[in-house]
Amino acid sequence: NNETIVVFKLEYFNTSSAKQITKLLMTLQKLAINHKVVINWYYRKDDTDIKNSGERYANLIKLDFNIMEY
């Protein structure tokens with residue numbers, strides 16, 4: 001495929017999950033060297049924790065990162 005789109009639509013995650021998400025995003029960042037990778041990070045309108053986490057990941061990982069409310 002020419003493009004990989006990864007969708008995150010989380011209701012909750014903890015420290016252990018955050019570590020695994022970070023590992024996945026780092027792997028995707030390596031893939032993005034020769035491949036288009038897009039991250040779609042969804043959060044509920046009232047869930048600022050998930051939104052803020054997405055923003056932190058977007059600042060740390062150099063990928064096309066879309067943070068979207070639902």
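Predicted model: local features only at pLDDT ≥ 70, side-chain atom pairs only at ≥ 80, totals over all residues.
## A guided tour of the protein

**Stop 1: the overall outline.** Switch to the C-alpha trace. The C-alpha atoms fill a box of roughly 35 × 25 × 20 Å, taken along the principal axes. A compact globule of 70 residues would have a radius of gyration near 11 Å, and the protein has 12 Å, which agrees.

**Stop 2: the fold.** Now try a cartoon view. You will find two helices and three strands. Follow the chain from the N terminus and the elements come in the order β-α-β-α-β. Next, display contacts between residues at least 6 apart in sequence: 74% of them join residues at least 24 apart.

Stop 3: Colour by accessibility. Of the 70 residues in the protein, 31% are buried. Then select the charged side chains. There are 10 positive and 8 negative charges, and their mean positions lie 7 Å apart.

**Stop 4: the aromatic rings.** Select the aromatic side chains next; the structure holds five aromatic pairs. Begin with W41 and F65, whose ring centres are 6.3 Å apart with the planes at 35°, so this pair is tilted. Where do W41 and F65 sit in the chain? W41 belongs to strand β2 (residues 36-43) and F65 to strand β3 (residues 64-69), so the pair ties together parts that are 24 residues apart in sequence. Are W41 and F65 buried or exposed? Both W41 and F65 are buried.

**Stop 5: a pair of tyrosines.** Move on to Y42 and Y70. Their ring centres are 6.5 Å apart and their planes stand at 75°, so the pair is edge-to-face. Y42 lies in strand β2, while Y70 is in the segment after β3, so this pair ties together parts that are 28 residues apart in sequence. Check the accessibility colours here: Y42 is partly exposed, with a relative accessible area of 23%. Y70 is partly exposed too, and its relative accessible area is 36%.

**Last stop: the cluster.** Finish by selecting F8, F13, W41, Y57 and F65 together, as these residues form one aromatic cluster.

Technical notes. Residues numbered from 1 in each chain as written. Heavy atoms only, no water. Helix = DSSP H or I, 4+ residues; strand = E, 2+ residues; numbered from the N terminus. Rg over C-alpha atoms; globule rule 2.2 N^0.38 Å. Buried < 20%, exposed > 50% of the residue type's maximum accessible area, 1.4 Å probe, protein only. Contact = heavy atoms within 4.5 Å. Lys, Arg positive; Asp, Glu negative; His and termini not counted. Charge placed at Lys NZ, Arg CZ, Asp CG, Glu CD. Phe/Tyr/Trp six-rings, centres within 6.5 Å; stacked < 30°, edge-to-face > 60°.
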